[in-house]
Amino acid sequence: MSQLKLSYFDFSGGRGEPARIALRLAGIKFEDHRIPLLDWPRVKVDYPYQQVPVMEVDGQLLTQSDAINRLVGKMANLYPEDNWQAALCDETMDTVDDAITLVVNTFFMEEDDKKRNRAELVAGPLPMFLSGLNKALEASGGDYFADGRLTMADLKVLIWVNGLISGNLDYIPTSIVADHGPQLLRHKALIESQLT
Ligand SMILES: N[C@@H](CCC(=O)N[C@@H](CS)C(=O)NCC(=O)O)C(=O)O
């Protein structure tokens, strides 16, 4: 059994959360290394590309959340074996990551810039991503994004949707998912029912 250590920030959600959930769900032992946000400016130089999540596997470092999600998904049987279904799973994770990047880019803006930038996201790009994912979910049968079963794609969408409706993102209305991706809320309920 490999020694696993997953480093990410000390909160629930974000790019590190799908791998945490998958490892827990599969009962795979790992060190859940949570970095306090206040420590980050001091410790970021210790991480490749100065970003997290980072997964350590027997002392070797793996960066990039979706590379980590694929690895963990294979370990946890939450990643499709079929090539086409695996591609759909990747497509969903990459789409969500594009949308995450748009919002993360606004995190450290001055308040006025943040307000204007987020209003622009709410006016176009975020509804576009939500309705696109809503359609993709319907096209794959309405319950799961790939393989007709729970995969890493579902966990990545769930965590992103939970962030959007959390009320923690100023200037992004919590109704945005209901307004532009209503099936994603049904999907959220289905996936969460399998995590308890
Ligand atoms: N493409 C990378 C992006 C990683 C990334 O931007 N991580 C953010 C947290 S979600 C981060 O480390 N931010 C801190 C910083 O850039 O200083 C991935 O998918 O892992």
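**Exercise 1. The ligand shell**

Which residues surround the ligand? Work through the shell in this predicted model, then sort its members by class and by element.

*Solution.* Start by listing the shell: the ligand is surrounded by Gly14, Arg15, Lys44, Gln50, Gln51, Val52, Pro53, Gln64, Ser65, Asp66, Asp97 and Val104. Next, look for the elements that give two or more residues to this shell; they are helix 3 (65-75) and helix 4 (83-104). Finally, sort by class: the shell has 3 nonpolar, 5 polar and 4 charged residues.

**Exercise 2. The surroundings of helix 3**

Find which residues of helix 3 are buried, and which elements they pack against.

*Solution.* Take the burial first. Ser65, Asp66, Ile68, Asn69, Arg70, Val72 and Gly73 are the buried residues in helix 3. Now look at their partners: these buried residues pack against helix 1 (17-25), strand 3 (54-57), strand 4 (60-63), helix 4 and helix 7 (152-164). To finish, step just past the end of helix 3, where Asn77 has a positive phi of about 55°.

**Exercise 3. Helix 3 against helix 4**

How do helix 3 and helix 4 pack, in terms of angle and axis distance? Describe the geometry and then the contact.

*Solution.* A handy reminder: two packed helices are described by the angle between their axes and the distance between the axes. Here the angle is about 150° and the axes of helix 3 and helix 4 are 10 Å apart. Angles over 145 degrees count as roughly antiparallel, so helix 3 and helix 4 are roughly antiparallel to each other. Their crossing is right-handed. On the helix 3 side, Ser65, Asp66 and Asn69 make the contact, and on the helix 4 side Met93, Asp94 and Asp97 do. By class, the residues of this contact divide into 1 nonpolar, 2 polar and 3 charged.

**Exercise 4. Helix 6 against helix 9**

Now try another pair: at what angle do the axes of helix 6 and helix 9 cross?

*Solution.* The axes of helix 6 (residues 125-139) and helix 9 (residues 182-193) come within 8 Å and cross at roughly 60°. That makes helix 6 oblique to helix 9. The handedness of the crossing is left-handed. Helix 6 contributes Leu130, Leu133, Asn134, Leu137 and Glu138 to the contact, while helix 9 contributes Pro182, Gln183, Leu184 and His187. Sorted by class, the contact residues of helix 6 with helix 9 come to 5 nonpolar, 3 polar and 1 charged.

Key: Residues numbered from 1 in each chain as written. Predicted model: local features only at pLDDT ≥ 70, side-chain atom pairs only at ≥ 80, totals over all residues. Near = placed C-beta within 6 Å. Helix = DSSP H or I, 4+ residues; strand = E, 2+ residues; numbered from the N terminus. Nonpolar A, V, L, I, M, F, W, Y, C, P; charged D, E, K, R; others polar. Buried ≥ 20, exposed ≤ 12 C-beta atoms within 10 Å, placed from the backbone. Contact = placed C-beta atoms within 7 Å. Axes fitted to C-alpha atoms, helices over the stretch in contact; angles between N-to-C directions. Parallel < 35°, antiparallel > 145°, perpendicular 65-115°, else oblique. Left-handed = near helix turned anticlockwise from the far one by under 90°.
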